[in-house]
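Subject: Structure handover

Hello,

Here is the structure I promised. My notes follow below it.

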Amino acid sequence: MAELPQVKPVGTRPLASAPPATPRNPAAATAAGAMEVAFEISGFSLWYGASQALHDVDIRIPARAVTAIIGPSGCGKSTFLRALNRMHELTPGTRIAGELRLFGENLYGPAVDPAVVRRRVGMVFQKSNPFPTMSIAENVLVGLRLNGVRDKTVLQDRLQESLRMAALWDEVKDVLGRPGSSLSGGQQQRLCIARALAVQPEVLLMDEPCSALDPIATAKIEELIHDLRANFTVVIVTHNMQQAARVSDRTAFFYLGKLIEYDVTRTIFMNPSNPQTEAYVAGRFG
Amino acid sequence: MKRFFDAELETFRSQLILMGETAIEQVRAAMKALVESDRGLADRVIAGDDRLDKLEVEIDDEAVRYMNLRAPIASDLRLVIVGMKASHDLERVGDEATSIAKRAIKLSAEPPLKPYIDLPRMATMALEMLRDALDCFLQVDEARAIAVCKRDAEVDNLNRQLYRELTSFMIEKPETISRAIELMFISKSIERIADHATNIAEEMVYLSHGRDVRHSEEVKKVTSG
């Protein structure tokens, strides 16, 4: 796989009009060896109307690492993922309580623009969704163009950089004008990843990105995730336990909207503290 | 397609090869300490057993981690399983080397019963068996592994022959009893080292094609006698 170009946070707008209270320093750590925290979440709850989907979640998700979210259907893992970039707000009647900070900034602050949140925290979905009427190149650049980027050199550079980072460049460099929908399932998913990376997010959220893919396409996405963690924070929801074990550094187990256990992946899969966790990872849940 | 965790399997294989080389070196050094009555070398062999113990724990830990987090299939799974078993055999080889070294120290206090010829010859055969079995980690060779099992009979025969000789010594000259007994134990240790080499060779056959030849006629016939 091609070496990942260094990500430069060019043109990152602050979440609110005022500068952030604690400016982010990517190289900072509070002490030698301490992990840098991407998401600091405390007492976080979420309701869809009267129904509570998340209960008092406390979790610190490390930066430039892969965190897997696992749990049975209906446990709140996709809801939790969507809360990380305020995507749940597209569903009417949702409300939250508690605090959710990204590199120290409150994502739910009163002056925060959700559109800016979603640029800093990109998302890739289970069913790949390239814009059907757009070409491969147009798909990748749509986010930049919507943000007013017009400089052809910047667009061209970012197009190549994003497709390289998504391990798709070699396969599509001669057919960039073809429709995004002309690609295979696995390629379309990598196109969606390139599209998300083009706006230079700090975080990439992935909601069961390989569920619809065959084993080879899945392996390519996993290799990609492994490479992306050098520069990006990745949070991945997966129901594939072996995938979580392979790709992630830390794993969080959710059940009935609660965070049951959260630890380094090896511990969750080798000797979890909670019997519910053990039952789930061993396939004895339910 | 190369996966990002393939390097972990290569490191695992390298650790096994390192453990094999260390075990072979321990046996060689222990035999040298015996033949040359070198107490200093014997002491170093005894102290060096720690490394093999640590390697066994590391290899087993990595095997469990790999099985847990990578869910290996087919030859990858066989490599991990064989690695765990081989690490146990190699740790026991190390223990036998330590035992030989301790007896070498005891024997160095008195002149040898006779020049050391048979024991070094046995040890060379056992070490060659171990070398051939371990080389299969680098390049799996089923025929070579099965040949190792055949040679175990020779080592067994030499051990029995030495027992008879030493028994005669003890009957004729009771003052040789304590030395003869130490030599019998050393011979037994070398015979056990050859057995461990045979175990590893059987594991290599399993690694190559998933055939379990332990206790089968294929190896049983050739080791009887």
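Two residues count as in contact if their C-beta atoms, placed from the backbone, lie within 7 Å. The model is predicted: local features need pLDDT of at least 70, side-chain atom pairs count only at pLDDT 80 or more, and totals for chains, interfaces and linings use all residues. Residues are numbered from 1 along each chain as its sequence is written, while chains are lettered from A and ligands numbered from 1 in the order in which they are written.

**Between the chains**

Chain A puts ten residues into the contact, and chain B puts in nine. On the chain B side, five are nonpolar, one is polar and three are charged. Here Ala, Val, Leu, Ile, Met, Phe, Trp, Tyr, Cys and Pro count as nonpolar, Asp, Glu, Lys and Arg as charged, and the others, Gly among them, as polar.

**Chain A**

Chain A has ten helices and ten strands. These are DSSP runs numbered from the N terminus: helices are H or I with at least four residues, strands E with at least two. Of its 286 residues, 43% are buried. Buried takes 20 or more other C-beta atoms within 10 Å of a residue's own, exposed 12 or fewer, and partly exposed lies in between; these C-beta atoms too are placed from the backbone.

Six strands of chain A form an open, mixed sheet in the order S6-S7-S8-S3-S9-S10. The twist averages 20° from one strand to the next. Strands pair if DSSP finds at least two bridges between them. S9 (residues 250-255) and S10 of chain A run antiparallel, joined by six bridges. In that pair, Arg250(A) faces Val264(A).

**Two loop residues**

Most residues other than glycine have a negative phi. Arg64(A) has a positive one, near 45°. It sits in the loop between S2 (51-62) and S3 (66-70) of chain A. Arg64(A) is partly exposed because 17 other C-beta atoms lie within 10 Å. Leu256(A) also has a positive phi, about 50°. Its loop joins S9 and S10 of chain A. Leu256(A) has 14 C-beta neighbours inside 10 Å, so it too counts as partly exposed.

**Chain B contact**

Which residues does Leu130(B) touch, leaving aside neighbours within four places in sequence? They are Ile24(B), Val93(B), Ile193(B) and Ala197(B).

Best wishes

How values were computed. Axes fitted to C-alpha atoms, helices over the stretch in contact; angles between N-to-C directions.
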